[in-house]
Amino acid sequence: MGRVERLSRRSFLIGSAAIAGGIAFGSYNGVAQAAESAGSNPLTAGLGPNSVTFNPWVEISPDKITLIAQHADIGQGVGSAQVILIAEEMDLDPGQFEIRFAGPSPAYFNTGFKEEFAPFLAADQSAAAEEARAATLEYLRKTGLQMTGGSSSMPDTYEKLRVAGAVARETLKAAAAKRSGVAVADIRTQSGDVILPDGTKIPYTQLAAEAAAVPPVLDVKPRDPSTWRMVGKPMMRLDIKSKVMGELKFGIDQKIDGMLYASVKLNPAKGQPLKSYDASRALKMPGVKKVVEIKNGVAVIATNSWYAMQAVAAIDCKWAPPAYPAEQAGHWKVLENSFKPKFLGKEWRKVGDVDAALKTGKLVQAEYRAPYVAHQPLEPLNGIGIVTDKGMEIWVGHQSPQFVQHVAATAIGLKPEQVIFHNQWTGGSFGHRLEYENVRVLAEIANQMKGTPIKLVFSREEDFIQDIPRQIAIARHRGSIDKGKIVAADLKLASTAPLNGLLERSGTPTKDPDAQLAAGHWNVYYDIPNFRATTYEARGLSPCTTWRSVGASTAGFFTESFIDEMIHAAGLDPMKARIDMCAVPTYRKLLETLAQMSDWKGPLGNGKGRGVAFVESFGTPVAEVVEVTATDKGIRIDKVWVAVDVGKVVDPVNFENQVQGGVIWGLGHAINCQITYAKGGAQQTNYHHHEAMRLYQCPVIEVRGLENDPKVRGVGEPPVPPAAPALANAIFAATGKRIREMPFNKFIDFV
Amino acid sequence: MIELTVNGTKHQVDVVPEMPLLWVLRDELGITSAKYGCGIAQCGACTVQINGKAVRSCQARIGDLAGKSVVTIDGLKNRDKHPVLQAWIEHQVPQCGYCQTGQIMQAISLLESTPKPTDEDIDEVMSGNLCRCGTYPRIRTAIHAAAAKMAEK
């Protein structure tokens with residue numbers, strides 16, 4: 001496995017091979033994209049008089065400039081970083097433009113998914129891999145899939161938004177040239193003005209009407225990075241001040257005149273219907289206007305969210321039983337029995353002769369487990385909706401605008417285009433706002449309250465109970481050590497399918513094996529001569545979905561824990577062995593950087609221990625060292641070092657914040673979080689049951705961003721997967737105890 | 001009718017006395033800077049000042065607040081130049097930002113009682129405020145920075 005091998009394309013790629021045939025990687029570029037999107041620019045429809053839009057990301061009226069953030073802002077900062085990419089090229093300064101989130105349109109299809117959906121290892125830059133990615137891009141263009149996820153925001157928009165800004169700038173200059181009779185070459189732009197050779201400044205807003213009348217200048221290239229004013233430099237995120245001052249309105253803060261408030265109680269057995277209910281007590285409670293029956297539960301409409309929550313809690317409901325085991329032990333049992341050919345997802349990768357190699361040398365084998373975990377961003381699920389005879393209008397923070405239309409429309413018998421969607425700033429997501437529990441029930445409720453705007457807020461308890469969790473998984477790994485080297489690794493895991501579950505609920509089911517289960521499982525970059533990675537997909541368990549870093553959040557823990565066990569069995573140093581085995585030069589550099597940052601010198605002694613882990617997910621390689629001390633009060637995490645290679649750091653301050661947040665997310669949930677089922681419902685219903693990390697447990701986290709990768713990569717999720725195995729490996733180094741199951745606090749105390 | 005003072009303005013609200021202050025602020029008065037996160041004092045996102053003390057507004061019955069003065073982040077004195085808010089901006093603490101108004105109101109309370117907090121003081125007082133995005137390192141830095149700034153004066 002010294003070289004990164006190729007794999008066959010997945011079925012959809014074969015289907016689009018005719019298109020793919022003529023496309024070599026590199027023929028796609030931002031120019032073509034900007035030009036093509038102009039034809040179906042969704043901004044055209046809402047354009048006022050004397051206004052212009054050059055592409056789906058820029059709109060100028062006589063009053064203002066509006067830039068479109070294509071992705072949903074779930075705290076990762078795209079509401080700032082994406083518009084800055086445009087503003088950089090347009091010579092606009094912060095404060096000179098308004099920011100709006102993209103509405104549903106295929107013009108905003110996610111080009112970044114070409115990296116994740118093409119079935120090649122991220123480090124594989126071969127012609128065949130690039131050709132498959134180009135073909136995948138064409139497939140994505142055809143489907144128009146608009147989604148925030150997979151840490152794709154920067155890979156998707158880094159190039160195309162700068163081109164969009166450059167097109168706008170050059171077209172404004174062309175309009176100014178036409179008006180003044182001066183050659184375009186003699187015209188420049190600065191701070192929202194076109195500047196003529198004699199110093200005359202024409203604000204962009206004054207050129208809007210004329211710019212609409214000249215052909216857009218599409219033959220542009222984004223500027224050289226050496227000229228950048230904002231991109232790549234430390235800058236103030238545009239949303240920081242309004243968030244600090246408490247002025248920014250999240251979805252849950254919005255208000256519409258005449259609206260009433262709703263809260264729901266839904267069948268804890270996820271997806272199953274309501275059988276009967278008794279609302280007699282609730283109907284007598286203060287503020288209550290109405291009780292509404294919906295498919296999988298009940299809603300109370302009231303004059304205040306709190307009245308609605310109190311009253312809905314007082315409704316007695318009889319529920320249909322779950323479609324999965326009622327008790328948690330039953331879930332584990334199904335999973336344990338899923339390592340069988342009939343549940344095979346896919347053998348994702350096979351190198352050498354694993355079965356023969358396992359018979360030589362010393363056998364190492366271990367079983368690992370990862371539980372269901374909830375997302376629980378701090379802003380609960382919510383939304384405002386109004387249904388009229390024409391259709392539905394909905395205000396909700398969501399990562400998949402088109403699927404919101406689909407789900408809401410399907411729930412109440414509309415066509416998707418009858419649903420008008422307004423995306424909102426969100427108080428976090430972590431994958432939660434890719435699901436539709438709030439969207440579907442809001443449509444059902446508003447449909448029974450026609451003409452009245454309804455603001456739905458889930459109670460925290462209801463949000464926990466309806467949270468479609470992270471996949472549950474078991475890994476059974478085997479390997480062998482011979483002459484101080486890892487000679488074989490046979491990685492098998494059984495899991496529920498998070499991405500396929502989400503796609504099915506989005507109305508786009510697939511029969512392909514769930515590729516997210518391969519993440520952190522097949523993309524192992526160590527030179528192990530006999531290697532096999534296989535997934536099994538358990539059936540009949542809880543629905544599951546994408547949780548920050550998705551498949552790699554569990555498989556990364558399994559793989560890097562097992563690699564560590566094998567390294568230990570071989571008598572090697574965990575850091576040095578990883579560096580020696582690493583088959584990708586840029587990734588080896590990353591590990592070497594981490595060793596240097598952390599001043600890695602082997603065992604620490606005195607109750608201290610260090611663990612290292614390295615996982616590539618969504619194309620971004622991340623390596624982490626965790627240092628712990630075994631104290632009288634339990635394990636204390638002292639420090640974490642993280643090295644991340646994203647090809648290009650677009651916003652260094654936000655980058656550091658994202659990386660630290662990802663590490664904290666990975667550590668906190670590994671330590672103390674799980675969702676377990678009893679009587680068909682989640683047993684954890686608020687944060688005291690599912691706490692993750694609090695400030696007192698938070699270590700110092702030192703971050704280094706590298707730019708050696710040939711592509712621009714995302715950073716929202718990839719820092720998560722190495723955190724849990726690095727911690728488990730550190731605990732082993734400090735105590736000699738191997739923890740093979742999350743959450744770790746089932747097995748060891750933490751400070 | 002229950003009368004209370006919020007950010008210096010008197011309001012009359014017609015709700016049951018059991019209603020928590022949080023929901024009076026948000027749904028009755030339209031003051032949305034105090035956030036609903038958990039409803040059971042586990043997250044701190046709803047933190048406001050009542051008579052100068054940081055309180056979880058999800059736990060304060062409106063019926064108990066007659067004659068008391070409530071201050072949300074919108075009503076802080078010297079808000080535009082407040083050293084804690086300035087430190088939060090300078091160190092770019094927020095990610096999603098949903099918990100941050102509560103974090104700031106708690107930090108202001110900490111700095112009033114402990115002008116030069118140690119890391120242990122910060123752990124003690126701030127650990128009741130959850131941040132799901134994991135901005136804790138920046139929260140700690142911003143509190144130390146604000147303390148230093150306030151000590152200059």
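Two strands pair if DSSP finds at least two bridges between them; helices (H or I, at least four residues) and strands (E, at least two) are DSSP runs, numbered from the N terminus. By these criteria β1(A) and β2(A) form a hairpin, with 2 residues between them. Strand β1 covers residues 52-55 of chain A and β2 covers residues 58-60 of chain A; the two run antiparallel and are joined by 3 bridges. Within this pair, Thr53(A) stands opposite Glu59(A) in β2(A).

The model is predicted: local features need pLDDT of at least 70, side-chain atom pairs count only at pLDDT 80 or more, and totals for chains, interfaces and linings use all residues. Residues are numbered from 1 along each chain as its sequence is written, while chains are lettered from A and ligands numbered from 1 in the order in which they are written.

Domain bounds come from an automatic or database domain assignment. For chain A this assignment gives domain 1 (11-170 + 233-240), domain 2 (258-322 + 376-466) and domain 3 (338-373 + 469-746). The C-alpha centres of domain 1 and domain 3 of chain A are 31 Å apart. Two residues are in contact if their C-beta atoms, placed from the backbone, lie within 7 Å. On that criterion, 21 residues of domain 1 of chain A are in contact with 26 residues of domain 3 of chain A. On the domain 1 side, the elements giving two or more residues are α5 (113-117) and α7 (153-157) of chain A, and α7(A) gives the most, with 3 residues. That side divides into 9 nonpolar, 9 polar and 3 charged residues, where Ala, Val, Leu, Ile, Met, Phe, Trp, Tyr, Cys and Pro count as nonpolar, Asp, Glu, Lys and Arg as charged, and the others, Gly among them, as polar.

Next comes a sheet. Strands of a sheet pair through backbone hydrogen bonds, either parallel or antiparallel. In chain A, an open sheet of 7 strands with mixed pairing has the order β10-β11-β8-β18-β15-β16-β17. Strands β10 (288-294) and β17 (419-422) of chain A stand at the edges with a single partner strand each, so one side of each is left without a neighbour in the sheet. From one strand to the next, the twist averages 25°. Inside the sheet, β8 (residues 260-266) and β11 (residues 297-302) of chain A pair in the antiparallel sense over 6 bridges; the bridge partner of Leu266(A) in β11(A) is Gly297(A).

Helix α12(A) touches β8, β10, β11 and β18 (454-457) of chain A, and its direction makes about 30° with that of β8(A). Helix α15 (residues 401-412) of chain A lies across β15 (382-387), β16 (392-395) and β17 of chain A, at about 140° to β17(A).

The two chains also meet: 47 residues of chain A are in contact with 45 residues of chain B. On the chain A side, α10 (240-244), α12 (305-313) and α22 (652-672) give two or more residues, and α22(A) gives the most, with 6 residues. By class, this side has 23 nonpolar, 14 polar and 10 charged residues.

Chain B is assigned domain 1 (2-74) and domain 2 (79-152), with C-alpha centres 21 Å apart. Their contact takes 14 residues from domain 1 of chain B and 11 residues from domain 2 of chain B.

Notes: Axes fitted to C-alpha atoms, helices over the stretch in contact; angles between N-to-C directions.
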